[in-house]
Amino acid sequence: MAVTGEILADEPGFRLDFDDVYDTDPDDLWEAITTPERLARWMADYRGDFRLGGHWQALTRDGDVYCDGEVVACERPNGFATTWTVVGEAPTLLTVRLEPEGDRTRLRLQHEHVTRPDYGPGWHTYLESLAWHLADPAAPKDRARWDARFEELEPGYAARLAALTR
């Protein structure tokens with residue numbers, strides 16, 4: 001299956017809903033999306049404590065803090081919710097649910113109160129990167145592949161967002 005993404009009106013901004021099924025069990029997918037060592041292989045460098053009430057930070061490619069958050073709900077391996085605050089922006093809410101489907105796992109991601117258009121192609125590309133990581137967990141993160149895919153997806157997400165805000 002391929003990543004599907006939906007853009008919906010939200011106050012303020014918009015809400016993103018993503019869905020995909022991954023070739024792994026819920027425990028492995030949980031580890032891939034919550035542990036700094038695994039996140040660094042497909043998303044970004046993270047530091048912090050991923051548990052209910054825990055605080056975390058995501059770092060830029062240069063090592064600066066990009067965003068931070070507090071885990072406000074956490075039920076391993078079924079899902080979590082966390083605040084998501086990019087430096088200089090208002091907080092948003094990110095919710096991830098994991099659902100077993102045979103020997104695979106469905107991931108549903110919802111990001112509420114988003115105001116920047118780059119979140120659509122960004123999340124889409126990150127979720128594809130997660131699949132790349134799961135297919136070859138030892139492979140290094142491929143930033144050039146990520147950048148190219150983001151550039152490919154960006155115009156379509158921009159057009160969908162423009163249609164939503166008319």
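Residues are numbered from 1 along each chain as its sequence is written, and side-chain values use heavy atoms, with hydrogens and water left out. Because the model is predicted, local features need pLDDT of at least 70 and side-chain atom pairs count only at pLDDT 80 or more, whereas totals for chains, interfaces and linings use all residues.

Eight strands form an open, antiparallel sheet in the order E1-E2-E8-E7-E6-E5-E4-E3. Helices (H or I, at least four residues) and strands (E, at least two) are DSSP runs, numbered from the N terminus, and two strands are taken as paired if DSSP finds at least two bridges between them. Strands E1 (4-9) and E3 (46-48) stand at the edges with a single partner strand each, so one side of each has no neighbour in the sheet. From one strand to the next, the twist averages 20 degrees.

Within the sheet, E2 and E8 pair in the antiparallel sense over eight bridges, with Val-21 opposite Arg-106 in E8. Arg-106 is also the bridge partner of Glu-99. E7 and E8 run antiparallel and are joined by nine bridges. Their hairpin has two residues between the strands, and Gly-102 in this hairpin takes a positive phi near 65 degrees. Strands E5 (residues 65-75) and E6 (residues 79-86) pair in the antiparallel sense over six bridges; Asp-68 stands opposite Thr-85 in E6.

Helix H1 (residues 26-34) packs on the sheet and touches E2 (14-22), E5, E6, E7 (92-101) and E8 (104-114). Contact means heavy atoms within 4.5 Å. The direction of H1 makes about 155 degrees with that of E7. H3 also packs on the sheet, touching E2, E5, E6, E7 and E8, and its direction makes about 15 degrees with that of E2.

Helices H3 (residues 119-135) and H4 (residues 143-164) pack at an angle of about 140 degrees, with their axes 8 Å apart. Axes are lines fitted to C-alpha atoms, for helices over the stretch in contact, and angles run from 0 to 180 degrees between N-to-C directions. H3 and H4 are therefore oblique to each other (angles under 35 degrees count as roughly parallel, over 145 as roughly antiparallel, 65 to 115 as roughly perpendicular and the rest as oblique). The residues of H3 in this contact include Tyr-126 and Trp-132, and those of H4 include Trp-146 and Phe-150.
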